[in-house]
Structure formats: C-alpha cells, structure tokens
Amino acid sequence: AQVAILQRMVRDLNMPVTIEVCPIIREPDGLAISSRNAYLSAQERKSAVVLYRSLVRVQKLFAAGKRDSAKLISAVKQEFAPEAAARLDYIEVVDPETLEPEPTVTKRTLVAVAAFVGQTRLIDNILLEP
C-alpha cells in the first residue's frame with residue numbers, strides 16, 4: 001500500500017533505488033513472519049494469530065458479497081474481542097495507492113490491521129480484488 005508513496009518519493013527525489021514488492025511470507029498458522037515475533041511470549045504468539053484470522057474473516061465476508069467497509073471493520077473488531085492479549089490499534093479499508101478510506105469496496109482495496117500483542121506492535125494486510 002505504501003509502495004506507491006515510496007515509489008513516488010524515490011522518483012521525485014531522483015534516488016537510485018528500486019522498490020521490489022513481494023508477497024507476505026507467513027508461518028504455517030498464518031502469522032506474518034517478522035523480526036518482531038521474537039518479542040512475543042509463547043502465549044502472546046498464540047494470540048498474535050488473531051491478526052491473520054481477522055483478515056481471513058474479511059476475505060470470507062468479501063467473497064460472500066459483503067462490500068460495506070464498516071461491516072468489514074466490525075468483523076475484525078469482533079474477531080479481536082475475545083483475545084485479551086491483543087489490543088487492536090487500527091483497522092483501515094483504503095485505496096492501496098492513495099491510502100484514502102474506501103467506504104465501499106468497489107475496486108482493488110487494501111485492508112490493513114495493526115495491534116499490540118503484549119508490548120509488541122504487529123501489522124498485517126490483505127488486498128481485496130473485486
């Protein structure tokens with residue numbers, strides 16, 4: 001999502017840098033691989049999967065025809081509710097190029113989530129493609 005912004009910055013500042021976009025690499029349970037995962041206790045590590053689980057829930061709702069961003073955001077909040085060790089920081093449904101909020105998913109849209117699990121802040125995202 002922030003790739004477009006970074007690409008514009010690199011172009012505008014005439015920096016000799018190439019930005020390579022690649023898919024998120026995940027653990028077998030879905031948690032995005034990150035150096036921050038090392039800060040999680042064993043119990044926090046189990047709770048951290050709520051980030052991925054909430055995004056999978058959004059994907060399923062989207063596949064079932066749900067397009068209202070408020071309902072997708074509500075589903076994420078419901079997924080987080082029983083996870084006492086995870087505190088949702090934000091959930092955004094935005095245009096992946098401009099990062100402007102999308103009230104309805106009618107085009108390629110980014111769903112980004114951030115949460116604190118214990119003291120560790122984790123992020124994850126998915127792209128919805130109508």
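The model is predicted, so local features need pLDDT of at least 70 and side-chain atom pairs count only at pLDDT 80 or more, while totals for chains, interfaces and linings use all residues. Residues are numbered from 1 along each chain as its sequence is written, and side-chain values use heavy atoms, with hydrogens and water left out.

Glu79 forms a salt bridge with Arg53, their closest N and O atoms being 2.7 Å apart; the term denotes a side-chain nitrogen of Lys or Arg within 4 Å of a carboxyl oxygen of Asp or Glu. Glu79 lies in helix 4 (residues 69-80) and Arg53 in helix 3 (residues 50-63), so the pair ties together parts that are 26 residues apart in sequence. Helices (H or I, at least four residues) and strands (E, at least two) are DSSP runs, numbered from the N terminus. At 15% relative accessibility, Glu79 counts as buried.

Now select Arg57, which forms a salt bridge with Glu79 at a closest N and O separation of 3.2 Å. Arg57 belongs to helix 3 and Glu79 to helix 4, so this pair joins parts that are 22 residues apart in sequence. Arg57 is partly exposed, with a relative accessible area of 27%.

Move to the strands and select Asp89 and Arg121. Their salt bridge has its closest N and O atoms 2.8 Å apart. The pair links distant parts of the chain, with Asp89 in strand 1 (residues 86-94) and Arg121 in strand 3 (residues 120-128), 32 residues apart. Asp89 counts as partly exposed at 34% relative accessibility, and Arg121 counts as partly exposed at 30%.

Then select Leu13, in the loop between helix 1 (3-12) and helix 2 (42-48). Leu13 counts as exposed at 56% relative accessibility.

Finally, display the whole chain. The protein has 4 helices and 3 strands, running α-α-α-α-β-β-β from the N terminus on. Along its principal axes, the C-alpha trace spans about 45 × 35 × 25 Å. Of the 130 residues, 35% count as buried.

How values were computed:
Buried < 20%, exposed > 50% of the residue type's maximum accessible area, 1.4 Å probe, protein only.
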